[in-house]
Amino acid sequence: LETGAGFPFAINNSTGWIVVASELDREAVDFYSFGVEAQDQGNPPMASSASVSVTILDVNDNSPEFTQREYGARLNEDAAVGTSVLTVSAVDRDANSVITYQISSGNTRNRFSITSQSGGGLISLALPLDYKLERQYLLTIAASDGTRQDTAQVVVNVTDANTHRPVFQSSHYTVNVNEDRPVGTTVVVISATDEDTGENARITYLMEDSIPQFRIAAETGAVTTQMELDYEDQVSYTLAITARDNGIPQKSDTTYLEILVSDVNDNAPQFLRDSYQGSVYEDVPAFTSVLQVSATDRDSGLNGRVFYTFQGGDDGDGDFIIESTSGIVRTLRRLDRENVPLYSLRAFAVDKGVPTKRTPVEIQVTVLDVNDNPPVFERDEFDIFVEENSPIGLVVARITATDPDEGTNAQIMYQIVEGNIPEVFQLDIFSGELTALADLDYESKAEYVMVVQATSAPLVSRATVHVRLRDANDNSPQLKNFEILFNNYITNRSGSFPGGPGLSPTRGGQAEQVSHHHHRPHPAVASAVTDAPLMSPSPPDGVHSATAQCTLRVTVITDEMLSNSITLRLADMSQERFLSPLLSRFLEGVAAVLATPRHRVVLFNIQTDTDVGTARILNVSLSVLLPSSAHGARFFSSEELQERLYLNRSLLAAISAQRVLPFDDNICLREPCENYMRCVSVLQFDSSAPFLASDTILFRPIHPVTGLRCRCPPGFTGDYCETEIDLCYSSPCGSNGRCRSREGGYTCECHEDFTGEN
């Protein structure tokens, strides 16, 4: 026997029996083929061989074995009876083994059955399932070959039947979302309900159409933004959303979600133009429309409602307003191009959102000129000096005016409208050059007064032109006889009037030295008023000469004269006019009223009254020496002068041809004195004044000031009249009377048989 190690057969060498040497296992080797050799004992031995085939016959020594220990299946509760659940399979290594399957346990209420089919066990639904009663079955399946068996576990999960579809609460949803919400904002969570359970109730959400601005979470139904929204681009979106369960077969429901984009104030107003230009005439009335600005706002509602304002901008210093709703720019008051020819305004378009947004715009308004300004001369009066005997045709001046208007409105034409008759001058209509048309003679006419007119039709302006001729030395000097009245205050005698040769003013030429003699003044009036010496000045002008006689009168003014003087007020009189024959007539009138010689009337001041406004009143101060036949005081007292001259004003006016006004208010009217002291108005020396001149008189005045003195009443003395005097001390009543003192005086009581004042 040719065998190898582990060969399960052996052969008896003597008998030739083949026996089993070790355990056989058909499932391992079911067929053996080997050779057998027979050999004799001869020599040489002879042998022969044969082939032996051994087939191992099967015995039931193997149990069936399931291919897997556990099985699982899911079955809807609405599965029909007979529905195959699953097939279990067991394997038996024995040959020709027939395996049968049965449910050994777990088949509650016999809901399942198993049949052997094609070597496997087909588990089928024997009776209807009820998910509400059993949701899981744990079946034990036995596989048997008749003798031996094996078991396996089958888990059958009963699933709820997908009998309900997902249901949205509404077929249409509407939500609002602000356009400024960031990307990723959850707009709304859409949910549907499914009365099933498990997978049948697990809902998946999806959008039917692809809208790039939104997406939906499949598990939660949350709709979120995935792009920025813009109300101005699209105001609403409609999404078809489907809720689908995970049952078999799947069921679904669809709803529509309308997303309304809410406007926020994210757009500022925009003007239709970058800037605006307009024009208006300067003479238009207030509230005239100039132009209209317009702006739009892409927002909606109050966010897009625009109004206009100058607030925070520039309204031309209040010259313009803007209507808030229409945007019409109007003038607020009359304009003046000459002051402001161009306005640069700044307006704002403002929406009514919260917070508000505003946009500025520049507005230029050109003020158009109208002829509303007359020409304006540089001065109201022009003084032009021209040499006499200038040649005819000489341009003596150029008189021009300016017009703040522009263009044709500023064209000016000139003409002489008054004062050029006969026609001595000509004014160029365009240039304003003033030309002499005739010989100019200073001695014939020293000054020409003309009114010139500048016209910018229909407006005119006028100015007065004084053409003053400068005298040329083409005529001999003319000098009249004249007198010098020199008043000299006594305390200022030295140096107040020259004692030797001096300069005497002359008229019509240069000053000439003259000789004179000083006559000693009268001892009472201290004045040289009679037989004054004569001077004969002869003033040359370098070419011509003239001769005249001069009388010099010097009067020394004393404090006594000032204390006994008055000031008369002459109406409608000037200094130059008074220094004429009117002076002599005035002195004669005063002398006649007072019945005294004229040379005793001393006039020492002539002064224009500056406290009466535009009235021409001349103050004349004088004192009068008493006639030589009078006794007592040397001068008329100021009270007596005032009374007599005032009461005889009509006589004085008739003689002097001058109107005397009432005396000015006396300073004593204010009652400045106390303790019954009597106030007396007096003149005091103030200063010497410069000469006053007329054609025939040079007058040198003494300027006094008005003062007062307080005199004690009778019976009192002292600085303040505080000491009473016994007036009876001097026995004023004589020997036939008795003096009795009383306040302010005394009384005489006469003895029997006597009478009289004292």
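Me: How many helices and strands does the protein have, and how much of the protein is buried?

Reply: In this predicted model the protein has five helices and 57 strands, and buried residues make up 40% of its 758 residues. Among contacts between residues at least 6 apart in sequence, 64% join residues at least 24 apart.

Me: Which residues does Lys480 touch, leaving aside those up to four places away in sequence?

Reply: Lys480, which lies in the loop between strand E39 (459–470) and E40, touches Ala548, Asp695 and Thr696 when those close places in sequence are not counted.

Me: What describes a pair of aromatic rings?

Reply: A pair of aromatic rings is described by the distance of the centres and the angle of the planes. The structure holds 16 aromatic pairs, and one of them is formed by Phe214 and Tyr237, which are edge-to-face at 5.2 Å centre to centre with 75° between the planes. Because Phe214 lies in strand E18 (residues 214–216) and Tyr237 in strand E20 (residues 236–245), this pair ties together parts that are 23 residues apart in sequence. Phe214 counts as buried at 1% relative accessibility, and Tyr237 is buried with a relative accessible area of 7%.

Me: Where in the chain do Phe486 and Phe691 lie, and are they buried or partly exposed?

Reply: Phe486 and Phe691 form an aromatic pair that is tilted, with 6.0 Å centre to centre and 50° between the planes. The pair links distant parts of the chain, since Phe486 is in strand E40 (residues 482–489) and Phe691 is in the loop between strand E50 (678–688) and strand E51 (692–693), 205 residues apart. Phe486 counts as buried at 4% relative accessibility, whereas Phe691, at 41%, counts as partly exposed.

Me: At what angle do helix H3 and helix H4 pack, and which residues make the contact?

Reply: Helix H3 (residues 581–594) and helix H4 (residues 638–647) pack at an angle of about 100°, with their axes 10 Å apart. Angles of 65 to 115 degrees count as roughly perpendicular, so H3 is roughly perpendicular to H4. Val590, Val593 and Leu594 of H3 make the contact with Leu641, Arg644 and Leu645 of H4, and by class the contact has five nonpolar, no polar and one charged residues.

Me: Which peptide bonds are cis here, and where do their prolines lie?

Reply: A cis peptide bond, with omega about 0°, joins Asn43 and Pro44, and Pro44 lies in the loop between strand E3 (31–39) and strand E4 (47–55). The bond from Val354 to Pro355 is cis too, with omega near -5°, and Pro355 is found in the loop between strand E29 (342–351) and strand E30 (358–368).

Definitions and conventions. Residues numbered from 1 in each chain as written. Predicted model: local features only at pLDDT ≥ 70, side-chain atom pairs only at ≥ 80, totals over all residues. Heavy atoms only, no water. Phe/Tyr/Trp six-rings, centres within 6.5 Å; stacked < 30°, edge-to-face > 60°. Helix = DSSP H or I, 4+ residues; strand = E, 2+ residues; numbered from the N terminus. Buried < 20%, exposed > 50% of the residue type's maximum accessible area, 1.4 Å probe, protein only. Axes fitted to C-alpha atoms, helices over the stretch in contact; angles between N-to-C directions. Parallel < 35°, antiparallel > 145°, perpendicular 65-115°, else oblique. Contact = heavy atoms within 4.5 Å. Nonpolar A, V, L, I, M, F, W, Y, C, P; charged D, E, K, R; others polar.
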